[in-house]
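Open the model in your viewer and keep the sequence panel beside it. This tour goes stop by stop, with something to select at each one.

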Amino acid sequence: MDLRMFVGGAWTTARSKATVTATSPATGDNLGQIPVGGREDAQAAVDAARAIAPRWAGLGAFTRAKLLHRVADTIERRRDSLAKILTMDQGKPLFAEAYDEVDELIEYWRMAAEDGKRLSGQLPSSVAANKRAMLIRRPRGVVGVITPWNWPYTMPAELIAPALAAGNTVVWTPAPTTSVAAIALADCVADADLPGGVLNLVLGPGPVVGDEIARNPGVDAVAFIGSTATGRKVASAAAGKATLLEMGGNGPLVVLDDADLDQAVQGALLACFLCAGQSCTAGERLLVHAAVHDEFARRLAEATRDTVALGDPFGDGTTMGPLNNAAVAAKMDAHVADAVARGATILTGGERAKGHLTDLYWQPTVLDNVPRHALVATEETFGPVAPIVTIRSLDEAIELTNASRYGLLAAIYTADVGKGLAYADAVRTGWVNVNASTNYWESHLPFGGRSGSDSGLGRVGGSHAMETFTELQTVILG
């Protein structure tokens with residue numbers, strides 16, 4: 001695969017000719033030399049996107065839909081190679097997770113193609129009987145897209161596909177640590193033969209390339225998925241533009257005294273160890289009622305030891321691979337050490353795993369008696385850890401949920417649907433699961449943070465992102 005950027009319909013190197021070595025978190029292997037783009041590269045991509053924008057918008061929704069389905073067809077044909085690239089570049093296990101992400105990627109492109117056909121305006125009444133009012137939904141123009149490394153196929157797709165379906169062109173910069181996967185996805189778009197400049201891929205450091213895309217006057221809207229700290233910088237750079245920001249989370253998973261503990265344990269395993277815990281919807285703290293605390297903690301520790309298989313992500317039986325990069329592994333080190341220093345008990349795991357090809361393999365870890373002010377219970381750890389915090393009532397669960405500055409997603413396990421709905425009514429999160437894991441979502445439903453939280457604004461999911469990527473134009477017929 002040609003490891004270059006994709007601008008204006010052509011594969012290109014960085015103008016500076018600078019490159020960096022891409023290294024696999026799974027094996028430590030050299031994956032190739034990746035271009036390190038700069039502001040001039042981002043500007044060239046914006047220029048290319050602006051030049052083709054009127055033509056792309058003018059094709060009409062049904063023609064654009066055919067082209068987006070062509071992208072999905074290309075992805076489908078390359079399912080095996082895309083999954084293997086994902087495992088090598090990101091680290092997630094091939095059979096347990098990578099193939100699933102590619103399948104979801106296909107669905108995002110097909111869903112956007114169909115949603116674009118149904119995008120509609122309104123015909124409100126005019127105050128004048130001899131006039132007609134039309135509200136026509138127009139594409140913004142050029143959408144800048146900045147995406148993270150934990151789901152390097154689907155998270156870009158849930159922004160790029162609806163932006164294109166709605167008639168916009170896109171300039172995209174991915175997280176540098178999964179640049180190879182990003183190139184593989186862009187190559188699918190290139191082979192689907194969309195007009196040159198409709199999608200542009202610029203590689204390089206976020207503070208340079210991402211900043212230029214966000215603040216460039218040729219960009220009309222900006223969509224970002226990633227950490228809260230970076231999201232705030234993007235929002236500042238994009239001031240005055242339409243923005244969609246899906247940022248950090250510290251999702252609690254609540255287990256009340258009437259919960260089905262088998263179901264709750266399975267939900268916690270998915271919440272804490274999917275993608276090695278590197279998810280904005282991870283169960284970053286398990287709020288467990290004192291009446292069932294001991295039994296839940298025992299079952300979760302046993303299930304973690306018995307069912308979470310850390311190892312070679314290309315292995316058939318592996319369910320968890322390495323962390324993606326050194327920074328997130330170091331944060332895991334710090335958060336577990338902080339919890340233990342504050343009095344938490346390690347029930348299983350607790351350190352990096354030895355004997356692997358890189359030092360990014362972290363043991364699946366269950367911590368008990370975690371103080372509510374520990375870093376692992378208040379910050380976004382982004383690693384394979386299940387921190388158990390004891391609670392004594394539904395009210396306390398609501399209080400601790402709302403004490404967090406994050407407001408992305410929460411989950412609760414209870415036999416009483418009334419308690420589940422009462423929790424959903426009271427907590428300030430954009431999504432609540434009742435008797436389902438924090439790591440359960442559906443691609444067509446709106447997903448994002450509650451207003452005033454550190455989890456962002458706007459909604460991804462199905463056609464909902466198109467609300468940001470389009471605007472209403474009022475037309476009066478006299």
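In which loop is K17 found? Select the loop between β2 (10–12) and β3 (19–23): K17 is there. Helices (H or I, at least four residues) and strands (E, at least two) are DSSP runs, numbered from the N terminus.

Before going on, note that this is a predicted model, in which local features need pLDDT of at least 70 and side-chain atom pairs count only at pLDDT 80 or more, while totals for chains, interfaces and linings use all residues. Residues are numbered from 1 along each chain as its sequence is written, and side-chain values use heavy atoms, with hydrogens and water left out.

**Stop 1: K17**

Stay on K17. Its phi is near 70 degrees, a positive value in a residue other than glycine. Is K17 buried or exposed? K17 has 61% relative accessibility, so it counts as exposed. The cut-offs are these: buried is under 20% relative accessible area, exposed is over 50%, and partly exposed is in between (1.4 Å probe, protein chains only).

**Stop 2**

Next, select F382, in the loop between α12 and β15. F382 also has a positive phi, about 65 degrees, although it is not a glycine. With 13% relative accessibility, F382 counts as buried.

The structure holds five aromatic pairs. One of them joins W149 and F382: it is edge-to-face, 5.6 Å centre to centre, with 85 degrees between the planes. Rings of Phe, Tyr and Trp (its six-membered ring) pair if their centres lie within 6.5 Å; planes under 30 degrees apart count as stacked, over 60 as edge-to-face and the rest as tilted. W149 lies in the loop between β6 (142–147) and α5 (154–165), and F382 in the loop between α12 (375–378) and β15 (385–391), so the pair ties together parts that are 233 residues apart in sequence. Both residues are buried.

**Stop 2: the open sheet**

Colour the strands β13-β14-β15-β12-β11-β16-β17 in that order: these seven form an open sheet with mixed pairing. Two strands pair if DSSP finds at least two bridges between them. The edge strands are β13 and β17 (431–434), each pairing on one side only.

Zoom in on β14. Three bridges join β13 to β14, and these two run antiparallel. T345 has D368 in β14 as its bridge partner. Three bridges also join β14 to β15, but here the strands run parallel. Find T365, which stands opposite V385 in β15. Both faces of β14 are covered: T365 and L367 on one side, V366 and D368 on the other, are all buried.

**Stop 3: helix α10**

Select residues 293–307, helix α10. Its buried residues are H293, F296, A297, L300, A301, A303 and T304. The face turned away from the buried side carries the exposed residues D294 and D306.

What do the buried residues of α10 pack against? Show β11 (252–255), α9 (261–273), β12 (285–289), β13 (345–348), β14 (365–368) and β15. Contact means heavy atoms within 4.5 Å.

**Stop 4: helix α7**

Finish at residues 206–215, helix α7, where V209, G210, D211, E212, I213 and A214 are the buried residues. They pack against α1 (39–58), β6, β7 (169–174), β9 (221–225) and α8 (228–237).

Conventions: Expected span 1.5 Å × (residues − 1).
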